[in-house]
Amino acid sequence: TDPERRFAFVVTGAGVQVYTIDPSTGKLNYIPAGLTPPGTVAPATSLTGSPTFPVMHPSGGHLYVSNQQAPGNIYGFDVDNSGNLTAMVGPPASPFPAGASPLSIVMDPKGRFLYAVDATAGASGVYSLPINSDGTLGIDPAPIMLVSPVPGATVSTRITYLTLHPNGKFAYATDNGGDLIY
């Protein structure tokens, strides 16, 4: 949702759907694409691959969606006051590179960095992507944390989820291969 809780952004295999939220009941109201206010990002032109996690910037002006399918990237959208989404044109333009298979993404509380989990089986990493003043993502090609396969693990080690402490100083990552928390 946006910070004012007016809109809900739902990622499906068909793209990003935008709903208004009734402040009295909490009911979600979908408005089809092409209508204003909110609509739906057309999947054929805006999202390809396997879109997964949506993350809203604390300002409410930007939405980010991870794509875990190769080549792996993060889509960035500007959000207007009506909830309409427009792909960021930068430079750099959306989608933004973020490892081979970014699954989970999370933003620091002040909206300065977006952290992406590269869920590549066998050698996962966490990327820290600076957020530019226009909402576009800076490129940081090296992960800030790498996880190697756990000896004796019965399945491939890979980080699948990341969360931040509310103060933004600590990050916690889970691993579905070795059943670990980093």
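**A walk through the cores, sheet and pocket**

The largest nonpolar core holds 13 residues, of which Tyr64, Ile74, Ile105, Met107, Leu114, Ile131 and Leu137 touch the most other members. Such a core is a set of buried Ala, Val, Leu, Ile, Met, Phe, Trp, Tyr and Cys residues joined through side-chain atoms within 4.5 Å. Apart from it lies another core, of 12 residues, among them Val16, Leu63, Val79 and Leu85. In soluble globular proteins, nonpolar side chains tend to be buried together.

This is a predicted model: local features need pLDDT of at least 70, side-chain atom pairs count only at pLDDT 80 or more, and totals for chains, interfaces and linings use all residues. Residues are numbered from 1 along each chain as its sequence is written, and side-chain values use heavy atoms, with hydrogens and water left out.

Look next at Leu114. Its contacts (heavy atoms within 4.5 Å) include Val55, Tyr64, Ile74, Ile105 and Tyr127, not counting residues up to four places away in sequence.

Now the chain as a whole. The protein chain has 1 helix and 15 strands. These are DSSP runs, numbered from the N terminus: helices are H or I, at least four residues, and strands are E, at least two. Of the 182 residues, 42% are buried. Buried means under 20% relative accessible area, exposed over 50%, partly exposed in between (1.4 Å probe, protein chains only). Phe77 lies in strand β6 (residues 73-79). Phe77 counts as buried because its relative accessible area is 1%. Phe77 and Ser94 are 17 residues apart in sequence, yet 7.7 Å apart in space, C-alpha to C-alpha.

Turn to the sheet. Three strands form an open sheet in the order β1-β2-β3, with antiparallel pairing. Two strands pair if DSSP finds at least two bridges between them. The edge strands, β1 (7-12) and β3 (28-30), each pair on one side only. Between β1 and β2 (residues 15-21) there are 6 bridges.

A pocket, found on a 1 Å grid over the protein atoms alone, is an open set of points where a 1.4 Å probe fits, with protein on both sides within 12 Å along at least five of seven lines; lining residues have an atom within 4 Å of a point. The lining has 12 residues, and Pro54, Val55, Met56, Val106 and Met107 lie nearest the centre. Both β4 (51-56) and β9 supply at least two residues of this lining.
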